[in-house]
Amino acid sequence: MNFATPLMRLTQRQHAVIIGHCYDGYPDEACGLLTGRLDGTEPNGRITDAVPCVNAERSARTYTVDPRDMLRVMRDAEARGDDIVGVWHSHTHTDAYPSPTDVAQAEWYPNWVYVIVSLKDIPVLHAYRIRDGRITEVPVALERD
């Protein structure tokens with residue numbers, strides 16, 4: 001079964017918010033949530049909002065979205081007719097590819113899109129779908145605001 005969204009669409013502003021928040025969180029991993037619409041149970045690919053969140057772990061190696069942020073974003077999204085469709089976090093010293101910890105965490109939300117920003121050199125953003133331990137890269141398109 002092919003579960004990867006054909007394309008994830010971010011606006012230039014959303015991209016800037018994600019990259020900026022990753023730098024703001026450095027040297028710890030930064031994280032945030034992505035909202036959008038679903039086609040059935042799968043994200044349709046268009047991101048409606050990129051919301052910076054607190055990394056409750058305050059760690060350079062792992063992240064957990066603060067539960068208060070998760071609840072706030074969930075309520076705001078539902079009020080607009082959206083859902084949480086993904087999460088982003090930074091890798092401060094490694095490539096933008098899911099770690100074994102990222103793959104294990106994805107078990108909780110197998111329909112989400114997982115965006116990773118590497119700050120190893122210049123910022124590099126990649127998106128993935130992770131289901132049953134399988135990692136599939138999702139193409140990312142930047143759109144004008």
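User: Where is Arg58 found in this fold?
Analyst: Quick note before the answer: this is a predicted model, where local features need pLDDT of at least 70, side-chain atom pairs count only at pLDDT 80 or more, and totals for chains, interfaces and linings use all residues. Residues are numbered from 1 along each chain as its sequence is written, and side-chain values use heavy atoms, with hydrogens and water left out. Helices (H or I, at least four residues) and strands (E, at least two) are DSSP runs numbered from the N terminus. On that basis, Arg58 sits in the loop between S3 and helix H2 (67-80).

User: Is Arg58 buried or exposed?
Analyst: Buried means under 20% relative accessible area, exposed over 50%, and partly exposed in between (1.4 Å probe, protein chains only). Arg58 isn't a glycine, yet its phi is positive, about 45°. With a relative accessible area of 60%, Arg58 is exposed.

User: Which loop holds Asp132?
Analyst: Asp132 is another non-glycine with a positive phi, near 55°. Its relative accessibility is 63%, which counts as exposed. Asp132 lies in the loop between S6 and strand S7 (134-138).

User: What is the omega of the peptide bond from Tyr26 to Pro27?
Analyst: Pro27 is placed in the loop between H1 and S2. The bond from Tyr26 to Pro27 is cis, with omega near 15°.

User: Why are the buried residues of H1 on the same side?
Analyst: The buried ones are Gln14, Ile18, Ile19, His21 and Cys22. The arc is taken from the directions from the helix axis to the C-beta atoms. They share a side of H1 because they cover an arc of only 160°.
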